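Here is a short report on a protein model. Look over the sequence and the fold before reading on.

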Amino acid sequence: MRVLPTERGPLSSALLATLIRTDLPPDLRHLGETLQEAFGADVDILFNEDLQLTLFVLYELHYSGFDSIREDWEWHPPLLALRRRIEERFEQRLKDAVGEVPHPAPNAQAVADALFEMTRAATGPSVSSFVARQATLEQAREFLIHKSIYQLKEADPHTWAIPRLTGRAKSALVEIQADEYGGGVPGRTHAELFARTMEGLGLEHDFGSYIEAIPAITLASVNAISLFGLHRRHRGATCGHLAVYEMTSSLPNAKYARGFRRLGFDSPVTDYFDEHVEADAVHEQIAGRDLAGGLIEADPRMMQDVFFGAATVILLDTLAGTWQMNAWQSGTSSLRAQLQGAS
């Protein structure tokens, strides 16, 4: 069951109050006025609870939506206009933070090499090492709650790019996504494997069950994938994002599996992580050379966007990881609030 979350400020409050209406008003000027006030707040948009929740809700209208609201809100022009204004501010913030990106030779191998070098140069905190060596059971549960807002719909945002690609890049994306969806075998999609991991630790595993506890910076990481996936102009960023996502997956997932075994768990709790150790060791090569590299080789104009998407993964993973590690190292929760039954 997908229910609307609780508001986190004036804008999300106004949006949620609007979505429960039974009519589709042609004028939502009050939302635009409230948004302008939200932009005036002295809070980085990446950490702005009100703006990130609003954007998350607007994006979810394009996925499975929410129960008890009209489905035709999805394409209601005033809501799309509101989303566009938030996206413009969000995208510009990401571009400012990312700065200059690599511009290797426009051939598949050079692109893959540059992407691998980006991942090697990343200096963010290692959440995976912490989970492997010292995370408590409560911290391991928090870790899963953070990941759940993407992992329980894993692969869906990147899949938007399939009809927007051709040739080698399209074939590579289909190959990767087929594995993400379990090769068509019921119960083997990566989202379902992750749900069983959560269940094994006594957590709810319906998408959005812990939305109230997930902080803005974690929502921003997920919103960035939807930003890329829902816009054809960002098909390159989607490919770059997925490439780095796969390139930075295999070794960390091995550490996560080790950490959960240290805490006394095995299959099915560790199945999700074990699956990614093997699958992503293959995917990283396909994603780097054939997906991102193949796209740029076919159309060098995609270079900037591909590496923008790639750099965004590293940026947001670093910020979200720092958020979690700062909390854990200070002995506090990394969630917005402690949850009943999550400790």
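Which residues have the most contacts inside the largest nonpolar core? In this predicted model, they are L115, F260 and F307, and the core has 107 residues. Helix α15 (residues 303-329) gives the most to this core, with 13 residues. In soluble globular proteins, nonpolar side chains tend to be buried together.

**Helix α13 and F260**

F260 is one of the buried residues of α13.

Beyond its neighbours within four places in sequence, F260 is in contact with V131, A140, F143, L144, L201, F265, V269, T270 and F273.

The length of α13 can be checked. The helix has 13 residues (250-262), so at 1.5 Å a residue it should span 18 Å. Its end C-alpha atoms are 19 Å apart, which agrees. Just after α13, G264 takes a positive phi of about 100 degrees.

D50 lies in helix α3 (residues 49-60). What is the nearest side chain of opposite charge to D50? It is R8, 8.0 Å away. D50 is buried and has no salt bridge. A polar atom of the D50 side chain does lie 3.4 Å from the backbone nitrogen of G9. Not counting residues up to four places away in sequence, D50 touches R8, G9, P10, L11 and S12.

Definitions and conventions
Residues are numbered from 1 along each chain as its sequence is written. This is a predicted model: local features need pLDDT of at least 70, side-chain atom pairs count only at pLDDT 80 or more; totals for chains, interfaces and linings use all residues. Side-chain values use heavy atoms; hydrogens and water are left out. Helices (H or I, at least four residues) and strands (E, at least two) are DSSP runs, numbered from the N terminus. The expected span of a helix is 1.5 Å times one less than its number of residues. Buried means under 20% relative accessible area, exposed over 50%, partly exposed in between (1.4 Å probe, protein chains only). Lys and Arg count as positive and Asp and Glu as negative; His and the chain ends are not counted. A salt bridge is a side-chain nitrogen of Lys or Arg within 4 Å of a carboxyl oxygen of Asp or Glu. A polar contact is a pair of N or O atoms within 3.5 Å; within protein, one must be able to donate a hydrogen and the other to accept it, and residues adjacent in sequence count only if both atoms are side-chain atoms. Contact means heavy atoms within 4.5 Å. A nonpolar core is a set of buried Ala, Val, Leu, Ile, Met, Phe, Trp, Tyr and Cys residues joined through side-chain atoms within 4.5 Å.
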